[in-house]
Amino acid sequence: MQTVNPKRSNTMKDRISELPDEILVHILSFLSLRNAARSGILSRRWRHLWKSVPSLNFDFVNKLGPGRDSKGLNKYQFVDWVNAVLDLYQGKSLDEFRIHCTLGVDLASSIDSWIHFAIDKKVKRMDLDFLTRLDFFPVSLKYTFPSCNPVETVTSVEYVSLSSCILTLPGIGKFRSLKHLFLDRVELVDEVLQHLLSNCSSLEYLNLQRAAKLVSVKVDASSSKLKCLMIYYCLSLKCVDIYASNLITFTYVGHKVDLKSAPSLTEVSFCVGNHSCEDRLTYAGVQFAGSLHQLEKLVLQVSPHEVSRGIGVLPTLCNLKVLVLWVSSKEDSVTAFIQLLDLSPLLRRLELHLMYLRSQPGPSRTEITSESVHRQLEEVEVGGFFGFEDEIQLLEHVVKNAVALKKIVIDPCRKDLSASGKSVEAGNSFPFNGRLQTARKHAQHFCERIPPSINVEKVEAIFGIWSLSLHSVISKGILFWDANDVKMAQLNAKAMRTFFCALGVSENNRELEKWDKLEWTHEGTNQVKESKDECPLLTMSCFK
Amino acid sequence: MSMAAVETKKITLRTADNHEFEVEEAIAMEFSTIKTFFDENPDASEDTIPLPNVTSKCLSAIIEYCKSHLAFRARETSSSIDEQVRTYDEEFVKARDNESLKELILAANYLNIKALLDMLNQAVADRIKNKSVEYVRRFFGLENDYTPEEEAAIRAENEWAFEGVDPDDD
């Protein structure tokens, strides 16, 4: 026990005793539940403060704190934990209630009681993720929201996020003040969705992901406040009718559907794989014909070849400020996209995401006939950059013709077309790391030719590789690093932790700063590789 | 202080240590306490407002903060503005020791400036996150007034929270 200097403690105490309880609770609300609960031990005054924090976040993964692995914790322990905390809870109202844990219908009564608890406390945000991610998890074992006891009309809840469960009537229709709804891997049928739309008249934002049973989505004037609709990978969906709605933003990613578009849209994302729809630019041009002149942001999945074919259909996109293109074709030159730039005089930002891998060299330099100046273009980003001729040509054209250009971002990692935009390099980086090195070299060469007034960011991040595949990589004794990556890694604590665990070194070993290089031998040989140029697998030597 | 145009009204504030600050009306309105006062007493705008709970050091920092954030808000929203705001907030907090952070929190609470209060409280939370109990006690200048039995009881009651403490940074 520390000895207390009476004089010192008086002034300190005066100070801190001035901070009222609400402020202390507010501070605690920025901590994880675990940290907040620990504050109970500080002093008598603090014993119960944490029990009034306005947000309760029960996360299976985070329960044990940093650096521990959650394999030992089973879901019954999780349920006990939640019940224990809810019993202790003293707050009068809740801002946020969050549960993230693999839970199914067998624990329905517990889950129901938690939901009722939260609603009684007039919760504003509910985030329930039951984590049954596997597609073959039997539907019959999933929790139905809300299960046994029907929910009375609820007026406090404004934000709901549900994942991996089943939604039936009347379900969310009772949440009359709902503004934001996010559904991922939730089983619901058309009737339930329509009921929801007509009863939640305050709904402003709806995001539907992987709702496998939906066949048709219709939004009409009864959802008068709905401004944003996003639909991802609802693979049974056949038609979407938003014609009578007031939607401003519409995002659709999945198979081709029958679409009746809204006239009020200013932001459209329409990404359809080309096996279900050829000639996507023409298709999009026709579907959104009524909104093209007012569009401010357009996201399309398209190939250069389709752009050349469909460009004649499009009018001038006179309000377009942001253009994002996802490109999955391997064959044609990306310089064809310049035609889209020419159609968008007010364009400020261009993003190009190259999702493919070309194994052979791409198309050679093509003739660019466009000479138009892009007066407003300020930012260009290229993801999945490799340095093929056509990519370089496109960038050169932009540098030459975009007089207002301020920033170029070049990222050799590919992203995937999902809501989270995660880097695709994470999963299959192993054979492709040589590619990343080459891409960086090409980016470097290109950057040397750019005038200094333009700020170029070469994205160094390879942390997708780190956090997911590091274990398997290290166990093979091969590491893909260079000195720059080590420095960047020091900023990414989570990746470092994984790295340390794999090396069997204590997390708190500050020695890393002294580590210049890490040395690994190839599996099966004692050969130590040192020079970068010898092989694409960079090696480093390590000393403590 | 600029030689303002006739239109911009100035409000005078007097701190606990008897310094007077003249601020533009727009900034004074960021202080919800003052805004409410003026809403209820529209004729009082000529008077000096006493702030007995705020020192001049705090007030000048707070005025700087509000001025900068007003300027940020006047510009068009974009990701680069957001980043500038973040950097500004980080810098604002970084150099301050725990004492002055607490003083600022008290002042922001008294003046009822929600955004500043959120930001400062988050900063304090970041400073005590994952720290040992002793560190946090030192931070807040707290005495442990539990008996050993009580302390053991609390640890047992919330066993899940006391696993895996990280060593102190300092």
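Predicted model: local features only at pLDDT ≥ 70, side-chain atom pairs only at ≥ 80, totals over all residues.
Let's begin with strand E10 of chain A, residues 228-232. Five of its five residues are buried, so the strand is largely enclosed by the rest of the structure. The cover extends to both faces: A:Cys228, A:Met230 and A:Tyr232 are buried on one side, and A:Leu229 and A:Ile231 on the other.

What are the strand partners of E10(A)? Strand E8 of chain A, residues 205-209, runs parallel to E10(A) and is joined to it by five bridges; here A:Tyr205 has A:Cys228 as its bridge partner.

Now to the charged side chains. Side chains of opposite charge can pair when their charged atoms come close. Over all chains, the structure holds 26 salt bridges. One of them links A:Arg44 to B:Glu150, with the closest N and O atoms 2.8 Å apart. A:Arg44 sits in the loop between helix H3 and strand E1 of chain A, while B:Glu150 belongs to helix H8 of chain B, so this pair joins two chains. A:Arg44 is partly exposed at 43% relative accessible area, and B:Glu150 is partly exposed at 25%.

Another salt bridge, between B:Glu157 and A:Lys51, has its closest N and O atoms 3.9 Å apart. This pair also crosses between chains, from helix H8 of chain B to the loop between H3 and E1 of chain A. B:Glu157 is partly exposed at 37%, whereas A:Lys51 counts as buried at 3% relative accessibility.

Finally, in chain A, a network of salt bridges links A:Arg349, A:Glu351, A:Glu379 and A:Glu381.

Conventions: Residues numbered from 1 in each chain as written. Chains lettered and ligands numbered in written order. Heavy atoms only, no water. Buried < 20%, exposed > 50% of the residue type's maximum accessible area, 1.4 Å probe, protein only. Helix = DSSP H or I, 4+ residues; strand = E, 2+ residues; numbered from the N terminus. Pairing = 2+ DSSP bridges. Salt bridge = Lys/Arg side-chain N within 4 Å of Asp/Glu carboxyl O.
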